[in-house]
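This report walks through a protein chain by looking at its charged pairs, its aromatic rings and one of its strands. Please keep the structure in view while reading.

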Amino acid sequence: MSGSSATPGYQLPWVEKYRPRYLRDMVGNAATVERLKAIEENGNCPHLLVSGLPGIGKTTSVHCLAHALLGDAYKEAVLELNASDDRGIDVVRNKIKVFAQKKVSLPPGRHKIIILDEADSMTPGAQQALRRTMEIYASTTRFCFACNQSNKIIEPIQSRCAILRFGRITDEELLRRLVQICEAEKVQYSDEGLAAIVFTAEGDMRQAINNLQSTWTGMGYVSPDNVFKVCDQPHPLIIQEILTRCHTGDVDGALDKLDDVWSLGYSSLDIVTTLFRVVKTMDTLPEPVKLDFIREIGWTHMRTLEGVGTLLQLSGLVARLAKLSMPPSAFAW
Ligand SMILES: Nc1ncnc2c1ncn2[C@@H]1O[C@H](COP(=O)(O)OP(=O)(O)OP(=O)(O)O)[C@@H](O)[C@H]1O
Ligand SMILES: [Mg+2]
């Protein structure tokens, strides 16, 4: 694992300190990383389009590949442009073309690499302007695009690229990485604390590492309570309590708990998304009940996203969940 133990005084954010430098250090997405390793061994990098959710290693993997392919020539032979750079059509015409024409001496079989990070924010016009450029300079220059939504990349560019998709990192893989970092940084933690971080991160490695660092520096110990305080998310145990009360038909009790969470200041979106994540993992609920609950939570999620994020909306959800669990005879009055 890259990175050394804590240096007093100045501390790098752990996401940067533990950013993998080599493809072999990448966690998760084994099949995709294998494809990148095959490219590294073969040396001939095709145009690449890497897509997937935030914080799962797209930028990192592209940089690892470029470092592995170009070694010392990296500085001269790689042009990186991300969303913070101007990437309008003028930049494509000038900067990218000039770089593609530039002469750089490289080991045989290697190519210059242009990394266009966060490519989904490039305007369609600028993407159109790349089409021919990619073809004309293909013998000397290869393009690597990284983006969250591959559908924002125009079809002609997609068809010129080998497309690699990154998925969420599994809970076990996240946990293993967090344990490694805890050991390297001498973090004191409980197993439940790390499980809470994995729960809050939802497969996003960057979020997991950031939450770990905030909890450790802010609280001095990684326990579930500290994690949920620092990450500012409703505590899953309270949410679980709401669901259990709904399941037993105790609508008043469930509404009381909902009031408690609401008065802590969480938005309805926080509450609805946590409800969904908790209900998925609740073993105490029978499968058919779980399915009904998820359907109702889904509807409320949609209404919340449409703008109706009131306590009344959430109370309505709780009432419907409680009603689902009651026998029909309960309504014969
Ligand atoms: N697969 C991984 N293995 C190890 N560390 C990872 C992995 N993915 C992400 N990280 C950690 O998260 C940080 C951010 O990763 P990266 O910049 O590659 O995310 P990204 O996929 O490009 O996200 P975005 O879509 O927001 O640009 C890295 O510095 C690294 O510490
Ligand atoms: Mg990125």
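## About the model

This is a predicted model, in which local features need pLDDT of at least 70 and side-chain atom pairs count only at pLDDT 80 or more, while totals for chains, interfaces and linings use all residues. Residues are numbered from 1 along each chain as its sequence is written, chains are lettered from A and ligands numbered from 1 in the order in which they are written, and side-chain values use heavy atoms, with hydrogens and water left out.

## Salt bridges

Side chains of opposite charge can pair when their charged atoms come close. A salt bridge here is a side-chain nitrogen of Lys or Arg within 4 Å of a carboxyl oxygen of Asp or Glu, and the structure holds 9 salt bridges. One of them joins Arg-19 to Glu-16, with the closest N and O atoms 2.9 Å apart. Arg-19 is partly exposed, at a relative accessible area of 30%, and Glu-16 is also partly exposed, at 38%; in these terms, buried means under 20% relative accessible area, exposed means over 50%, and partly exposed lies in between (1.4 Å probe, protein chains only).

Another salt bridge links Lys-37 with Glu-34, at 3.6 Å from N to O. Both residues belong to helix α2 (residues 30–42), where they are 3 residues apart, about one turn of the helix; helices (H or I, at least four residues) and strands (E, at least two) are DSSP runs, numbered from the N terminus. Lys-37 is partly exposed at 25% relative accessibility, and Glu-34 is partly exposed at 46%. Elsewhere, Arg-132, Glu-135 and Arg-160 are linked in a network of salt bridges.

## A charged residue with two partners

Which residue does Arg-277 meet in a salt bridge? The partner of Arg-277 is Glu-202, at 3.4 Å from N to O. Arg-277 lies in helix α14 (residues 268–280) and Glu-202 in the loop between α9 (191–201) and α10 (205–219), so the pair ties together parts that are 75 residues apart in sequence. Arg-277 counts as buried, at 9% relative accessibility, whereas Glu-202 is partly exposed, at 38%.

The charged end of Arg-277 also sits over the ring of Phe-199, 4.6 Å from its centre. A charge sits over a ring if NZ of Lys or CZ of Arg is within 6 Å of the ring centre and within 35 degrees of the ring normal. Arg-24 is placed over the face of Tyr-22, 4.4 Å from the ring centre.

## Aromatic pairs

Rings of Phe, Tyr and Trp (its six-membered ring) pair if their centres lie within 6.5 Å, and planes under 30 degrees apart count as stacked, over 60 as edge-to-face and the rest as tilted. The structure holds 2 aromatic pairs. Phe-143 and Phe-145 form a stacked pair, with 6.2 Å from centre to centre and 15 degrees between the planes. Phe-143 is buried, with a relative accessible area of 0%, and Phe-145 is buried at 2%.

The rings of Phe-199 and Phe-228 have centres 6.3 Å apart and planes at 75 degrees, so this pair is edge-to-face. The pair links distant parts of the chain, with Phe-199 in helix α9 and Phe-228 in helix α11 (residues 224–231), 29 residues apart. Phe-228 is buried, at 5% relative accessibility.

Strand β4 (residues 141–147) is largely enclosed by the rest of the structure, because 7 of its 7 residues are buried. In a regular strand the side chains alternate between the two faces of the sheet. In β4, Thr-141, Phe-143, Phe-145 and Cys-147 point one way, and Arg-142, Cys-144 and Ala-146 point the other way.

Two strands pair if DSSP finds at least two bridges between them. Strand β1 (residues 48–52) pairs with β4 in the parallel sense over 4 bridges, and Ser-51 has Cys-147 as its bridge partner in β4. Strand β3 (residues 112–116) also pairs with β4 in the parallel sense, over 5 bridges, and there Lys-112 is partnered with Thr-141.
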